[in-house]
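Here is a friendly note to read alongside the model. Please keep the viewer open as you go through the points.

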Amino acid sequence: MSQNGGAKQMDVDAESRVHGPVADREAAPGLGRSLKHKCAAYVLALRPWSFSASLTPVALGTALAYKNLGELDLAISLLAALAVLAVHAAGNLVNTYCDFSRGIDHKKSDDRTLVDRILEPQDVVRFGACLYTLGCLCASSLYFLCKLKLEHLALIFFGGLSSSFLYTGGIGFKYFALGDIIILITFGPLAVMFAYSVQVGYLAVSPLLYAIPLALNTEAILHSNNTRDMESDKQAGIVTFAIIIGPTLSYIVYNMLIFIPYVIFCILATRYTISLALPLLTVPLAFSLERQFRSQNYAKIPQMTAKLNLLLGLFYVFAILLAPPGSLPN
């Protein structure tokens, strides 16, 4: 009996030695796929298609500073971009978490990160906290690298950080038709001012004025998103600017937001320098979006408006860089 038992044990051990590595090799790809899927879920939760709203204002402020100083600190530029991007991404996660907590997101929503259990709520909270921490670390590093006063740096950075959180977190300005104002200020004048001031070392009014065309176009992203979600937002009991004014006026407002910047560029190009006409190259895309909005084909309007925002912003930055010395308005 003992011999038979020993023989059986030896057979089991031998089989485990043979099949153990095979099982490990079979489990490894599954683990790799799971990790890859998890990383992809985190990236999608950030809504990367919307990052043009934060990166183009930073690029514009940096370009204005370069035209003013004639030089550029690359480390400061990268840290400023990373700080703004981290705060923007964290704000998107706060939006995802708060919309889910309030029962606004559902199976037909554009953002189904939590609805489909792609990520758990605690994952989104932790990821958002990490991104806000990263933004604060970047801002702290900027204090040691740039000449901007601490109080001015803190005012601009934490003003933007607070706005990104309070859009849906805390007070939740979005739910009381005040979200448009927050976005208009944060992803426009504030981001441009931040990027400009950390380069030159002081605050100025001119970057705020240069930010107006880009800020209007950026607001069009949010307005198109709120117009698309009007019915689901009504059912959830929240109020947005699009709900208040209705579909017809929302169409008019959207047109104003995307076409007024072109009027401004035409005036600047004829009065100052022809390079400022470069953003007009995006007019065909703007008319295409207008037709989609008019036909109430809202499905991909926010993403396409973000694409317009990116192209418009890039051409605007190139226009600033190509302008002859002394030709830009003060």
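1. In the protein chain, 76% of the contacts with a separation of 6 or more join residues 24 or more positions apart; a contact means heavy atoms within 4.5 Å. This is a predicted model, where local features need pLDDT of at least 70, side-chain atom pairs count only at pLDDT 80 or more, and totals for chains, interfaces and linings use all residues. Residues are numbered from 1 along each chain as its sequence is written, and side-chain values use heavy atoms, with hydrogens and water left out.

2. How confident is the predictor? The mean pLDDT (confidence in each residue, from 0 to 100) of the protein chain is 85, and 86% of the residues reach 70 or more. Do look at residues 14-18, though: pLDDT stays under 50 there, and the model gives them two contacts beyond four places in sequence. Where pLDDT is low, the predicted coordinates should not be read in detail.

3. You will find twelve helices and zero strands in the protein chain; helices are DSSP runs of H or I with at least four residues, strands runs of E with at least two.

4. Of the 330 residues, 48% count as buried, that is, under 20% relative accessible area with a 1.4 Å probe, protein chains only.

Methods. Buried means under 20% relative accessible area, exposed over 50%, partly exposed in between (1.4 Å probe, protein chains only). pLDDT is the predictor's confidence in each residue, from 0 to 100.
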